Amino acid sequence: MRIFLLIALFLLGQGHGPAAAAETYELLFHSAALKGLAAAKDGSGDEQSSLLYDKVVSGADAGQRAGSFTIGLKVGDNVAMTLHQGSQSRGLGNYPASVGNPLIMYFLESVLSDLAAQSGGSPFYMRNRIKEALLRDAQIEPVSLRYHDREIAAREVTIRPFEHDKARAQMGRISQLSLAVTVSEEIPGWYYALVATVPSAAGGAEAGYSHAITLKEAAEGGRP
């Protein structure tokens, strides 16, 4: 699956570039994202923690990619990820919990696939631009979010991978892609929201694109 290639490409960049890039990388690809959940298993090894996310995709030419979905993660020593829509489900792979929450990689790969299908552009070119964007300063802002009826301190990391791209003029609206990821140590699985947006064309002639994944619920060791 191409997601493994994406993991390898990003890992090659770890530890390189300025301190700001290292901070961005750690926030987006937090290796300890599932540490607390994995530890919630009891001694028998039968109990697993779980995470459930809502996924909503909209935008021009999205076709069957558009709609409302849920993404389920079963967390033990490994992470099993499944995509659900209505009565249908599809496995998204199994990953070692020790490398972090695979949701970030699934999100990036899905957005790349969506945009490549819409634009006819190369997903490899887009993937490399996102990788390069991590070596530049990202926009990191403190935010407050509400989870389980309490206010939680979080950070929102935003990158605009095509903002300075030499081919920006040929990319159309996709050149305005924004990727925003909201994270917090107090959120199970680390990620609260992952949102990709491309604005609509001036005057509303073309619809914009949105791909949003948001934490719905978490259960640790089989307990809500």
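**Exercises on a predicted model**

Strand 2 (residues 67-75) and strand 3 (residues 78-85) pair in the antiparallel sense over six bridges. Strands (E, at least two residues) and helices (H or I, at least four) are DSSP runs, numbered from the N terminus, and two strands pair if DSSP finds at least two bridges between them. The model is predicted, and local features need pLDDT of at least 70, side-chain atom pairs count only at pLDDT 80 or more, and totals for chains, interfaces and linings use all residues. Residues are numbered from 1 along each chain as its sequence is written, and side-chain values use heavy atoms, with hydrogens and water left out.

**Exercise 1.** Describe the hairpins that strand 3 forms with strand 2 and with strand 4.

*Solution.* Step one: strand 2 and strand 3 form a hairpin with two residues between them. Within this pair, Lys74 stands opposite Ala80 of strand 3.

Step two: strand 3 also pairs with strand 4 (residues 88-96), in the antiparallel sense and over eight bridges. Here Met81 has Gly93 in strand 4 as its bridge partner.

Step three: two residues separate the strands in this hairpin as well, and Gly86 takes a positive phi near 60° there.

**Exercise 2.** Determine where Ser50 lies, whether Ser50 counts as buried or exposed, and which residues Ser50 touches.

*Solution.* Step one: Ser50 belongs to strand 1 (residues 49-59).

Step two: buried means under 20% relative accessible area, exposed over 50%, and partly exposed in between (1.4 Å probe, protein chains only). Ser50 has a relative accessible area of 19% and is therefore buried.

Step three: contact means heavy atoms within 4.5 Å. Leaving aside residues up to four places away in sequence, Ser50 touches Leu73, Lys74, Glu217, Ala218 and Ala219.

**Exercise 3.** Identify which residues touch the most other members of the largest nonpolar core, and list the contacts of Phe107.

*Solution.* Step one: a nonpolar core is a set of buried Ala, Val, Leu, Ile, Met, Phe, Trp, Tyr and Cys residues joined through side-chain atoms within 4.5 Å.

Step two: the largest such core has 59 residues, of which Ile71, Ile104, Phe107 and Leu179 touch the most other members. Helix 4 (residues 103-119) supplies the largest share of this core, nine residues.

Step three: apart from residues up to four places away in sequence, Phe107 touches Leu179, Leu194, Val195, Ala196, His211 and Ile213.

**Exercise 4.** State how many helices and strands the protein chain has, and what percentage of its residues count as buried.

*Solution.* Step one: the protein chain contains six helices and nine strands.

Step two: 44% of its 224 residues count as buried.
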